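Let's walk through this structure together, one piece of packing at a time. Please have the 3D view open and follow along.

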Amino acid sequence: MGLTKQYLRYTASAVFGVIGSQKANIAYVTLRGGERGRYVAVAACEHVFIWDTRKAEKIQILQGNKQEVTHLCPSPDGVHLAVGYEDGSIRVFSLLNGESNVSFNGHKSAVTVMRYDHLGARLVSGSKDTDVIVWDVINECGLYRLKGHKDAISQAVFLKNRNLLVTSSKDTFVKWWDLDTQHCFKTMVGHRSEVWGLVLLNEEKRIVTGSADSELRAWDISYLQENKEVGEPEVKKVKGLLDEPKDQEEDLDENPEERILSCQKAGSILREGRDRVVSMTTDLKSKVLACHGTDAILEVFSVLSQDEVQKCREKKLKKAKKKAKVTDLTVCRSQDGVVDEEPVVEMKLGDEIQRLTKVKASDKIRSLDCFLFPSGELKVSLLLQNNTVECYSLRTTQKNPEGTKTARLTLSGHRTDVRTLAFSSDNIAILSGSAETVKVWNRSTLQVIRTMACEYALCSLFVPGDRQVIIGTKSGKIQIFDLASGSLLETTDAHEGALWSICLSPDQRGIMTGGADKTVKFWEFELVKDENSGSNKRLTVNHVRTLQLDEDVLCVRYSPDQRLLAVSLLDCTVKVFYTDTLKFFLSLYGHKLPVLCLDISHDSALIATGSADRNVKIWGLDFGDCHRSLFAHDDSVMFLQFVPKTHLFFTAGKDKKIKQWDADKFEHIQTLEGHHREVWCLAVSPSGDHIVSSSHDKSLRLWERTREPIILEEEKEMEREAEFEESLAKGDEPVVPGETAGEAALAGKKTIETVKAAERIMEALELYRDESKKLQEHEAACEAAGKKLPPPKMSPILVAFGNISPSQYVLDVIRKVKSSELEESLLVLPFSYIPDLLRLFNEFICGGLQVELICRCLFFLLRIHFGRITSNHLLLNVINSLRTNTISKVEQIRDVLGFNLAGLKFLQREIEDKEDVTFFADATDRFTEKKRKRKKRERAILVVS
């Protein structure tokens with residue numbers, strides 16, 4: 001049976017018009033050979049754009065899948081960028097080639113924060129699902145999940161010199177985690193509202209948090225293990241002092257784990273903003289602290305180092321002594337006795353964290369990142385709410401530095417939502433209009449050709465000839481722009497209310513407009529001469545006639561034969577009139593809410609209407625009968641347009657979807673998903689090969705018609721499969737038998753990929769069993785016959801893989817499972833497969849095949865099936881054999897690693913001797929070690945004296 005009617009598939013071609021999405025943060029990145037502080041990464045819906053701020057150019061796109069990007073985190077070496085998504089997945093991209101090879105799935109909802117440790121080997125992620133997960137980036141797997149917070153995680157930071165993690169959350173708590181034992185040993189409860197940001201200062205000896213008020217709270221951290229160094233006398237007094245609760249807020253603090261660290265409130269700094277902290281950050285060396293609220297002001301603070309604080313204290317002491325001398329002289333004159341007391345100088349928090357300056361951005365700030373150069377120049381990049389990136393530079397060495405704007409990325413997008421779109425007649429130019437500008441784009445290059453300032457645009461069209469464009473505005477004006485010069489030719493007052501709709505007459509001699517003043521007006525194009533146009537004539541519109549109606553007009557359309565015109569009104573009806581006499585012809589009623597959009601097919605036979613009641617109705621224009629009512633979208637239908645020369649039409653809805661329909665068969669053909677917010681409008685090109693759509697997510701999307709046919713049955717089947725896969729992945733968390741739910745849990749989560757991987761392992765084990773059985777039967781037959789019989793036929797799968805053995809096939813299947821999904825896949829396996837798997841593991845380890853991978857699988861299986869394995873007598877020999885073989889093989893690998901390491905160190909010493917140069921990292925380590933020993937000696941002397 002052939003295809004009765006062929007539909008062609010439309011696919012996503014490009015995303016443009018968005019400079020930076022609001023949901024994610026902005027981050028400085030370093031590209032290969034590029035200078036620092038020049039390139040910024042921002043989220044652009046599901047993609048990540050990397051901009052060159054100096055040239056205002058987009059230089060790289062990291063392609064996403066479907067989900068919106070919610071967080072970005074560059075690695076310390078600058079080679080990778082971790083990207084967190086709305087569905088809780090994380091992908092690590094290489095900035096060298098823009099590809100993603102590592103992906104992690106553990107969170108159930110949007111990733112809110114990510115942070116690398118100082119080596120870039122581990123990545124911590126926090127999410128709206130209240131969990132914190134630590135990932136091993138090198139091994140590409142999850143280490144553990146930390147539970148304890150009761151609301152979305154706002155920040156997570158690794159400590160550099162200790163295996164500790166500090167996290168903050170919207171549940172008002174800051175928690176300290178010991179990563180060796182994976183438990184929370186301290187909860188700071190000094191906040192009365194959500195903790196929105198957290199930074200570590202002064203070599204991780206101070207923690208500063210930002211919450212929902214204008215205070216930045218600071219705590220001093222004392223690491224009490226420092227007091228237990230060998231040969232150093234214990235100073236018990238210090239610990240006693242730290243234990244004393246000095247603040248009412250600290251009384252609630254838990255103190256069972258004082259042996260690791262203790263926190264003491266150091267005070268607070270007042271911000272100028274009265275609202276909550278949106279984001280706060282420091283530069284790499286924590287010398288500068290920058291934060292902002294929900295307004296347009298960025299506040300910058302300078303964090304003094306220990307030496308600078310000491311100098312400041314000495315200065316104050318000098319002043320105090322001078323003052324004391326003067327008072328002593330007066331005391332001497334009045335009394336005989338001389339008061340000889342050392343003046344006491346108290347350092348306040350404001351002396352150590354000093355307000356540097358404030359920078360006023362052009363709009364509300366959503367996110368920031370900063371970079372401090374050794375020269376003292378601070379570069380700050382701000383992502384603003386109005387789809388703009390601004391860069392500022394300030395000199396931190398000056399006393400009152402002024403922030404100077406160095407770059408502003410605005411050209412490639414609108415500041416506000418695009419409310420109207422139009423295609424030129426040659427399918428090449430796209431017009432987009434928003435509340436402040438009209439832009440004309442080249443469809444093939446997606447570059448802006450013209451940007452023209454206008455009033456709030458609601459509807460638009462290209463004048464025949466594509467040299468001028470006409471805009472209908474919210475204030476009821478018609479604005480005509482010339483594309484060659486980019487100038488406004490004329491502004492005409494057309495309606496007293498908003499001009500909601502505009503339509504070109506089929507004879508291309510004029511236009512029709514409908515407005516909120518209950519009128520439809522007809523205009524003719526005219527060429528006139530005036531002083532400004534010189535010798536050339538200028539286009540204008542001349543008002544010809546008016547159709548007065550009883551309700552506000554929402555949408556107007558001519559029939560392509562120009563016999564009729566359709567007008568949708570605020571009373572939920574559509575009225576059809578004769579064009580020549582403006583006499584009433586039909587009233588189309590049936591919608592429960594106003595009709596927001598309508599269109600008439602190319603042969604003037606059908607009219608389709610889309611309403612705020614979420615339905616699309618298809619009517620015949622001959623008698624006004626309703627052919628079919630379709631439940632089209634889950635929210636208001638915002639736009640509707642027929643594909644030229646067909647009875648197919650597209651609808652756009654507030655439910656973020658664009659759908660294609662067949663008006664003859666009343667079939668839903670396909671859904672175009674991509675937008676992350678309400679879709680406001682779309683435009684189909686005159687050829688029907690392209691669609692452009694605009695949304696509240698600030699993006700414009702281009703869709704392209706391919707040559708691939710759509711078979712409706714297959715589409716429905718694929719939709720059902722996708723629903724099933726989604727429901728499968730929403731299952732319960734994995735549970736390890738015999739383990740109670742605690743603070744730490746497995747990092748992964750059940751996804752369709754892990755289920756498929758488990759199925760592949762099961763199939764491989766089934767094949768291994770069948771092949772083993774065949775071999776046993778063959779051997780028995782050979783023995784019975786007393787001669788060698790021809791071998792049994794191998795499975796076609798093994799033949800396809802190059803006549804490999806069944807055990808080798810099982811190993812290949814396990815090896816192909818993604819590292820991040822391995823544990824979850826093994827957890828799904830039924831216990832009946834485990835004995836065979838353990839015997840195979842023994843075989844692999846004896847052969848020295850993939851020892852590290854097999855050990856990882858073995859230890860995980862032993863942990864989750866411990867009870868059943870130990871109680872199974874048939875497995876005792878296998879376990880015994882595994883124990884001896886595993887230990888010997890792991891020791892062999894360790895010896896090889898040790899030998900290689902010793903060889904590399906030997907080569908390093910040889911190179912150093914030849915070139916008489918110490919490697920930089922080693923030199924730094926030795927210097928810090930010497931400094932530490934010297935300080936220790938000084939402390940010991942002080943205590944003894």
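In this predicted model, helix α10 (residues 851–864) and α12 cross at roughly 140°, and their axes come within 11 Å. Angles over 145 degrees would count as roughly antiparallel, so at roughly 140° α10 and α12 are oblique to each other. The crossing in which α10 passes α12 is left-handed.

To see the contact itself, pick out V851, C855, L858, F859 and L862 on the α10 side; they meet I879, L882, T886, K889, V890 and I893 in α12. Sorted by class, the residues of this contact of α10 with α12 come to nine nonpolar, one polar and one charged.

Now turn to another partner of α12. Helix α9 (residues 834–846) packs against helix α12 (residues 876–915) with the axes 9 Å apart and an angle of about 30°. Angles under 35 degrees count as roughly parallel, which is why α9 is described as roughly parallel to α12. Here too the crossing is left-handed, with α9 passing α12.

Which residues in α9 meet α12? They are L838, R839, F841, N842, I845 and C846, and on the α12 side they touch V878, I879, S881, L882, N885, T886 and K889. This contact of α9 with α12 has seven nonpolar, four polar and two charged residues.

Let's move on to the sheets. Strands of a sheet pair through backbone hydrogen bonds, either parallel or antiparallel. Zoom in on β46 and strand β47 (residues 606–611): they run antiparallel and are joined by five bridges. One place to look is I600, whose bridge partner in β47 is I607.

Another open sheet is formed by four strands in the order β1-β56-β55-β54, again with antiparallel pairing. Its edge strands, β1 (7–16) and β54 (679–684), each pair on one side only. On average, neighbouring strands of this sheet are turned by 25° against each other, direction ignored. Within the sheet, strand β55 (residues 690–695) pairs with strand β56 (residues 700–710) in the antiparallel sense over five bridges. To find your way along that pair, look for V692, which stands opposite L702 in β56.

Methods. Residues numbered from 1 in each chain as written. Predicted model: local features only at pLDDT ≥ 70, side-chain atom pairs only at ≥ 80, totals over all residues. Heavy atoms only, no water. Axes fitted to C-alpha atoms, helices over the stretch in contact; angles between N-to-C directions. Helix = DSSP H or I, 4+ residues; strand = E, 2+ residues; numbered from the N terminus. Parallel < 35°, antiparallel > 145°, perpendicular 65-115°, else oblique. Left-handed = near helix turned anticlockwise from the far one by under 90°. Contact = heavy atoms within 4.5 Å. Nonpolar A, V, L, I, M, F, W, Y, C, P; charged D, E, K, R; others polar. Pairing = 2+ DSSP bridges.
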